Amino acid sequence: MTGHRDWTSIKAALNGIRAHDDENYIAARSRDYFWYSPILNEQLKDKLGELVVVPQTVEEVMHVASVVARHKVPLTLRGGGTGNYGQCVPLDGGIVMDLTRLDKVIEITDGHVRVEAGARISRLDDAAHETGQELMMYPSTRQMATIGGFVAGGSGGIGSLRHGMLRDPGNLTYAKVVTVEPEPQVIELFGEDVQKVQHAYGTNGIVVELGVGLTRATDWIHTAALFDGYDAALRFASSAQEKGLDCYLLTTVERRFAPFYNKLGDLFPADRDAVFAMVAPDEMARFTAEAEAHGGRISFAMSKPEIRAAGLQPAYECGWNHTTLQALKVDKSWTYLQVAYPRPFDPELVLRQMARYGEEIYWHHEMARMHGEIQIFALPLVRYRGEEAMYRLIAELEEKDGCTIFDPHVVTIEDGGMKEIDGAQIEFKKRADPYGLMNPGKTRGWTDGMARTDT
């Protein structure tokens, strides 16, 4: 913790906005799921904010932004804290602003919703369902994640099979942003300009409101198909996607994951590989026939209420990064990687990888789309053998196999996924965070010399 800030004056300047300086409260809200990575855990485990503020309105957010700018205090935003890369961990102390009280669903119209950034995705999606619509996509942490956190730190998730990644057209349409300066301003971004704050880790403006695309609601069937061979599971999932079966989720999980899915018991036995899916009801017959054509059988098929009544997790908690969470609950010697496969996808490459790495890597793949094209991702479990071994593995996957690795063991936007500095985001930061106070250390594109020095 830094000790040079005048917290008495800062607290007084907040004018009664809810604030917490209890050490346990601060510690709980200075963390996310960075501990998935032993590398990040070592770097971030002792990083803490110095004060947590919880604004109730946009006006209070603007007041906090003014106080932050006048006192030159680092500011880190957080929602549900379900990210995996330390996005909401303050590297230089300061104020952590919890936005979960900004949770109003402002307006739902045909194909669109306006919502405050702190709304839980589960509540937002439930509200959309009341109008016969649903979100285009959401993370596997649907129950706890906020829409603002997902937009600021996420790339895609459940629904990306159907609707692409967050950056694809129509998924995000609008953002209202509060600037961090003595007299904060409100900036509205529309259309493609929303990308200036998408996946920016909250480094370049306080997103307080979003416009998000909706689609017609479907009573998805949560199901699993079992196969005697991971290659068969992959070929079935690829075929189902290529033939246009209406699915919201298609995730292949090899049999070595079965002990981590203890709620499923015999529904996911240790001698079969699984494809978990969310399938449109009128497509179940075609889905079943396609699975059988690839030597598979349906393990279960239930509506969401039936899944809950049976005490099972929904299919969206069987894929994406919930696979990592399921494993780490049982065995903390694992970590993970995020892998994008070259196009067109070749299941034979996965088989070669399985043979090469044996018990060092357990494999799990996601069927998705990006820029309108089929894109296969993997979030494999990796035995942690140290940082040097991790980066040898990353180099092998990229150089030998032509894969792209979105490194989950780093805190900066560029090194984790973007691979290059986003000039548009940095230019927007100059406008929305001119003193460079927001989430410092999370983007390599910002240098100290860019910050305004006036008071």
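Reply: Strand 15 pairs with strand 20 (residues 381–383) in the antiparallel sense, over three bridges; helices (H or I, at least four residues) and strands (E, at least two) are DSSP runs numbered from the N terminus, and two strands pair if DSSP finds at least two bridges between them. Within this pairing, tyrosine 336 stands opposite leucine 381 in strand 20. The open sheet consists of three strands in the order 15-20-17, with antiparallel pairing. Strand 15 (334–336) and strand 17 (361–362) are at the edges with a single partner strand each, so one side of each has no neighbour in the sheet.

A word on the basis of this description: this is a predicted model, in which local features need pLDDT of at least 70 and side-chain atom pairs count only at pLDDT 80 or more, while totals for chains, interfaces and linings use all residues. Residues are numbered from 1 along each chain as its sequence is written, and side-chain values use heavy atoms, with hydrogens and water left out.

Next come the loops. Proline 344, in the loop between strand 16 (339–340) and helix 12 (347–357), is joined to arginine 343 by a cis peptide bond with omega of about -10°. Another loop, between helix 10 (304–309) and helix 11 (322–330), holds glutamate 317, and tryptophan 320 is also found in the loop between helix 10 and helix 11. The phi of tryptophan 320 is near 45°, a positive value in a residue other than glycine. Most residues other than glycine have a negative phi, and most peptide bonds are trans. Tryptophan 320 has 12% relative accessibility and therefore counts as buried, where buried means under 20% relative accessible area, exposed over 50%, and partly exposed in between (1.4 Å probe, protein chains only).

Glutamate 317 is likewise buried, yet has no salt bridge, and the nearest side chain of opposite charge, arginine 308, is 4.5 Å away. A salt bridge here is a side-chain nitrogen of Lys or Arg within 4 Å of a carboxyl oxygen of Asp or Glu, and for charge Lys and Arg count as positive and Asp and Glu as negative, with His and the chain ends not counted. Leaving aside residues up to four places away in sequence, glutamate 317 touches Ser140, Gln143, His322 and Gln326, contact meaning heavy atoms within 4.5 Å.
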